[in-house]
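Trainee: Could we go through this structure together, one contact at a time? I would like to learn how each value is reached.

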Amino acid sequence: MTDNPTSIVDAEQWPDPVCHYGIEDGTPVVETVNEAFETTFGPVDAGEPVASLFETVGLSIVQGPDEPAVVGTAADQFTVETGTQPSESGAASHDRYLLRVVPTDGNAGGVLLFTPVPTGIARAADEIRLDHVASVISHDLRNPLDVAKARLRAARETGEVEHFEHVADAHDRMERIVGDVLTLARGADVVQPDGRVDISAAAERAWATVETDDADIVVEKSLPTVVADPDRLGRLFENLFRNSIEHGGTDVTVTVGPLADAPGFYVADDGRGIPPGRRERVFEPGFSTDDHGTGLGLSIVARIADHHGWSVAATDSASGGARFEITGLDTG
């Protein structure tokens, strides 16, 4: 298989693992692999379905579409990882690869390109993200903790009971921060989309749990039901509502409605909106335009949406405020 002269990419041209696949009766099958592929993953028989290739060579998906066998004509990108292999010291190791699916001739086939991801780079990126989130946590937890200490001291000195309300508020804020961090740190196991949820009812329940001040909400009744984790969907709405109130003003009006051209819904407000250059960054952990914000709320929204298989995007509302669109819902 390694010396096939018809291979689109051979070992001399491409030193990383390469698999050339074709389409037989609508099914992607292996045609040839290069020497680097066999050296890295072991031999593979021609004609083997791509669907079973990953299991054969001990690869699993870390990130990307759920079904790598469906290569078709679409160029997809995955992060894959080798199975655990004990080293000489007895420790387990995982090697990561960026897999690029490149169709070459319509439905005729294409190539799978495996590019090694240096462990050090991946680990460094993880450490940078963790350090960033840790900085946010230490900063944001310290603020309400200092408030609670100061108010408790004032209550002891003056005997005025209203200070205890501020202590309780500070504790609530710390609990929110801890909850957000746990949702960010844990994986897909925190989301269990195993039931049908009425989006309108979920939005109204979430609104009742948020400190809304003078803000108003309009929930359109034409919203569908969706397969979702009701608790996490509620958390998604809570964070979007808090974001509108914190950034749009305490008298903002929030609207929840269905999308006209895709299975999904939107949450919009009539506040000051999000500048175009910041609309992607607002989903980054720790990014906030508010000195009092945790920078985690919209990261939680993106994480919950992702674990449901949904997508979320920020844009502007009809009134110039912020609008968040959630698409990809299973409403069947």
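Trainee: Is Leu152 buried, partly exposed or exposed?

Mentor: Happy to start there! This is a predicted model, in which local features need pLDDT of at least 70, side-chain atom pairs count only at pLDDT 80 or more, and totals for chains, interfaces and linings use all residues. Residues are numbered from 1 along each chain as its sequence is written, and side-chain values use heavy atoms, with hydrogens and water left out. Buried means under 20% relative accessible area, exposed over 50%, and partly exposed in between (1.4 Å probe, protein chains only); because Leu152 has 31% relative accessibility, the class is partly exposed.

Trainee: Which residues touch the most other members of the largest nonpolar core?

Mentor: Such a core is a set of buried Ala, Val, Leu, Ile, Met, Phe, Trp, Tyr and Cys residues joined through side-chain atoms within 4.5 Å. The largest one has 38 residues, and those touching the most other members are Leu233, Phe237, Phe241, Phe265 and Trp310.

Trainee: And which element gives the most to this core?

Mentor: Helices (H or I, at least four residues) and strands (E, at least two) are DSSP runs, numbered from the N terminus. Elements that give two or more residues include helix 5, strand 13 and strand 15. With six residues, the top contributor is helix 6.

Trainee: How is the ring pair of Phe237 and Phe265 classed?

Mentor: Rings of Phe, Tyr and Trp (its six-membered ring) pair if their centres lie within 6.5 Å; planes under 30 degrees apart count as stacked, over 60 as edge-to-face and the rest as tilted. By this rule there are eight aromatic pairs. Here the centres are 5.2 Å apart and the planes stand at 35 degrees, so the class is tilted.

Trainee: How many residues apart in sequence are the parts that this pair ties together?

Mentor: Phe237 is buried at 0% relative accessible area, and Phe265 is buried at 0% too. Phe237 lies in helix 6 (residues 230-248) and Phe265 in strand 13 (residues 264-269), so the separation in sequence is 28 residues.

Trainee: What class does the pair of Phe283 and Phe324 have?

Mentor: Phe283 counts as buried at 16% relative accessibility, and Phe324 is buried at 1%. Their rings are 6.1 Å centre to centre with 80 degrees between the planes, and the class is edge-to-face.

Trainee: Which residue forms a salt bridge with Glu204?

Mentor: A salt bridge is a side-chain nitrogen of Lys or Arg within 4 Å of a carboxyl oxygen of Asp or Glu, and the whole structure holds three. Glu204 is partly exposed at 38% relative accessible area. The closest N and O atoms are 2.8 Å apart, and the partner is Lys221.

Trainee: Over which ring does the charged end of Arg323 sit?

Mentor: The test asks for NZ of Lys or CZ of Arg within 6 Å of the ring centre and within 35 degrees of the ring normal. Arg323 also meets Glu325 in a salt bridge (2.8 Å, N to O). Its charged end is 4.0 Å from the centre of the ring, which belongs to Tyr266.
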